[in-house]
Amino acid sequence: MQRSTNKTNAPSIESSRIAQSIGSALDRFIKNNQNQFQYASGELSQLLRDIALASKVVNREVNKAGLIDIMGPMGTQNLGGDHQQKLDVLANIRFTRALAKGGEVCALISEESDSFVDLNNEGKYVIAIDPLDGSSNIDVNVSIGTIFSIYRRKTQPGTPIQSIDILQKGSEQVAAGYVLYGSSTMLVYTTGHGVNGFTYEPSLGEYFLSHPDLKMPEGGKIYSINEGLSNAFSKPVLDYIQYCKSQNYTARYIGSLVADFHRNMLKGGIYIYPATSKDGSGKLRLMYECNALAFISEQADGMATDGKQRILDVEIKDLHQRTAFYVGSKKMVEKAMSY
Ligand code: AHM
Ligand code: MG
């Protein structure tokens, strides 16, 4: 039998080392990989630990949502006019509290807060977070998620926070991740050195490395888009959907960004939320929904664009800025862009 000479298929020493850590507890994994982070080693570890802890609390609340009276709308609306669910609000409180206690984050941008939250400390990091995304799925026992982007603040810690600390482009993220509250709960994150996924073991209360060095398949056969809105789609988007059908691709749309993204990440696929004639800038939020997933997809050999440019290069003008979003397997996103 001929031996393959394709060197790109050979796992790198680094990915073999990560693969060997399979089963490691999150804390140990973070410690063992601290040297990959270009800033002071303990800071990011503490921050990720705070996020993991808050996600465990949220996971507990998500899991018991059907049992106690914490479901249903709060009767209030957030800035975008979405009805806030009690669990959205609770998740926001849990993450804010954990990050405030940890002390590494000085400012928090959240889907649930109209302006940024100044945590009044000397923390060197800024976080943008959607504490519980997929609000239409909360009440119906379908997967939901948390999405976060971490930035290094630009001005001196301890001084008043400036807009240059807050309005940073996606390319300036130092870490990003998501938590998927699904049939099992997973934490997936990157610090710019590949993507690793951890599965939560509820009886031990611990995340363990289950998906080392995640890579998105280069191509795929799944397309995820809310076709119910097709009357408001542009012709190129409709043509691309037609192309997917002509190829007998599979349509899968959960309506929870994290869940749709995660499935495509593992199986290969494209997620699209285009600009529509109703929402000229699309629906999704750049700072706390799209940037993190764009960073993760690129780290996993995938691709993310707004249809015109790389998501990570889009200038931020507003905390709650919306964008069109095409993300997933590189070849599929490229094909969609050719339309
Ligand atoms: P949310 O922040 O109110 O939960 O909205 C974001 C969600 C995404 O998770 C999902 O992909 C999308 O909105 C679904 O929107 P639609 O119902 O218009 O298809
Ligand atoms: Mg959201």
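Tutor: Donors are N, O and S atoms within 2.8 Å of the metal (3.2 Å for Na, K and Ca); water is not among the atoms, so sites may look incomplete. This is a predicted model: local features need pLDDT of at least 70, side-chain atom pairs count only at pLDDT 80 or more, while totals for chains, interfaces and linings use all residues. Residues are numbered from 1 along each chain as its sequence is written, chains are lettered from A and ligands numbered from 1 in the order in which they are written, and side-chain values use heavy atoms, leaving out hydrogens and water.

Student: Which spacing do the donors of the magnesium ion (ligand 2) follow along the chain?

Tutor: The spacing is E-x18-D-x2-D-x155-E. Glu-111 (OE), Asp-130 (OD), Asp-133 (OD) and Glu-289 (OE) coordinate the ion at 1.9 to 2.3 Å. Asp-133 lies in strand S5 (residues 125-133) and Glu-289 in helix H8 (residues 286-299), so this pair, 156 residues apart, links distant parts of the chain. Helices (H or I, at least four residues) and strands (E, at least two) are DSSP runs, numbered from the N terminus.

Student: Are Asp-133 and Glu-289 buried or exposed?

Tutor: Buried means under 20% relative accessible area, exposed over 50%, partly exposed in between (1.4 Å probe, protein chains only). Both Asp-133 and Glu-289 are buried.

Student: How confident is the predictor?

Tutor: pLDDT is its confidence in each residue, from 0 to 100. The protein chain averages 89, and 87% of the residues score at least 70.

Notes. pLDDT = per-residue confidence, 0-100.
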